[in-house]
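Good morning, colleagues. Please take a moment to look at the sequence and the structure, and I shall then go through several features in turn.

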Amino acid sequence: MKKILLKSTFLIYLLIGLEIFIMISPFAAYFYSFYSPVINYLYNSRYVNWMTEFFLPHFVFFKDTFMQVLGVIQLLTFFSGIFLFLYAAVPLYWAKFRRQGVVTKGIYCRIRHPQYLGLGIAGFGLLLYWPRFLILILYISMLFVYYLLARNEEQRMINQYGESYQEYMEKV
């Protein structure tokens, strides 16, 4: 049963990964010409026209105000996540460079792992911008890995700084 599950999972991931190659190949022209009536029907229906932007964003342009606002939200989410990441990285790496120990000032007095939060927000912006199952799986995997990294970092900091870091964890 484990082998079947492993092979099935591998096949699903392979098909998801192949979507990238399919959509940049000549098959994409076939895809859009053959499915054009369906895409046009979805686009022209006021109840489901959001689907063409959300699941089929290639070569689709909208006049719908909601979708235009969503486009702005996508970009704002991505760039605000990148900004948060960089904003948190500067004091952290400055403290590492100067060997100052744990950073507890600035944004670190409110959030213990602001860089991971920034990358999570930026990843969500990318998920909204290019909603594909591959991106969704990668995003969920990224969040899980960042959770594990944060737990590992906290354990290492407790081992290195002891009770002072535990107090910081309780406050923040």
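Let me begin with a term. A nonpolar patch joins nonpolar side chains within 5 Å of one another, taken from residues with over 30% relative accessible area and no salt bridge. Please keep in mind throughout that this is a predicted model.

By that definition, Phe10, Leu11, Leu14, Leu15 and Leu18 make up a nonpolar patch on the surface, and together they present about 490 Å² of accessible area. Take Leu11 as one of its members. Leu11 belongs to helix 1, which covers residues 2-23.

Now to the overall architecture. The chain contains eight helices and zero strands, and its order of elements from the N terminus is therefore α-α-α-α-α-α-α-α. Of its 172 residues, 28% count as buried.

Next, the salt bridge. The structure holds one, and the partners are Arg112 and Glu154, whose side chains meet at 2.7 Å, N to O. Arg112 sits in the loop between helix 5 and helix 6, while Glu154 is in helix 7, so this pair ties together parts that are 42 residues apart in sequence. Are the two partners buried or partly exposed? Arg112 counts as partly exposed, at 25% relative accessibility, whereas Glu154 is buried, with a relative accessible area of 7%.

His113 lies in the loop between helix 5 and helix 6. At 16% relative accessibility, His113 counts as buried, because the cut-off for that class is under 20%. The C-alpha atoms of His113 and Glu153 are separated by 9.6 Å, although these residues are 40 apart along the chain.

Glu153 brings us to the largest pocket. Which residues lie nearest the centre of that pocket? They are Leu92, Lys96, Glu153, Arg156 and Met157, out of 24 residues that line it. The space inside amounts to about 590 Å³. Helix 5 (65-98), helix 6 (114-129), helix 7 (133-161) and helix 8 (163-171) each supply at least two residues of the lining. Sorted by class, the lining comprises 14 nonpolar, five polar and five charged residues.

Thank you for your attention.

Notes: Residues numbered from 1 in each chain as written. Predicted model: local features only at pLDDT ≥ 70, side-chain atom pairs only at ≥ 80, totals over all residues. Heavy atoms only, no water. Patch = residues over 30% accessible without salt bridge, like charges linked within 9 Å, V, L, I, M, F, W, Y side chains within 5 Å. Areas by Shrake-Rupley, 256 points an atom, 1.4 Å probe, with all protein chains shown as cover. Salt bridge = Lys/Arg side-chain N within 4 Å of Asp/Glu carboxyl O. Helix = DSSP H or I, 4+ residues; strand = E, 2+ residues; numbered from the N terminus. 1 Å grid on protein atoms, 1.4 Å probe; cavity = no way out; pocket = protein on both sides within 12 Å on 5 of 7 lines; lining within 4 Å. Points joined across faces, edges and corners; volume = space filled by probe spheres on them. Nonpolar A, V, L, I, M, F, W, Y, C, P; charged D, E, K, R; others polar. Buried < 20%, exposed > 50% of the residue type's maximum accessible area, 1.4 Å probe, protein only.
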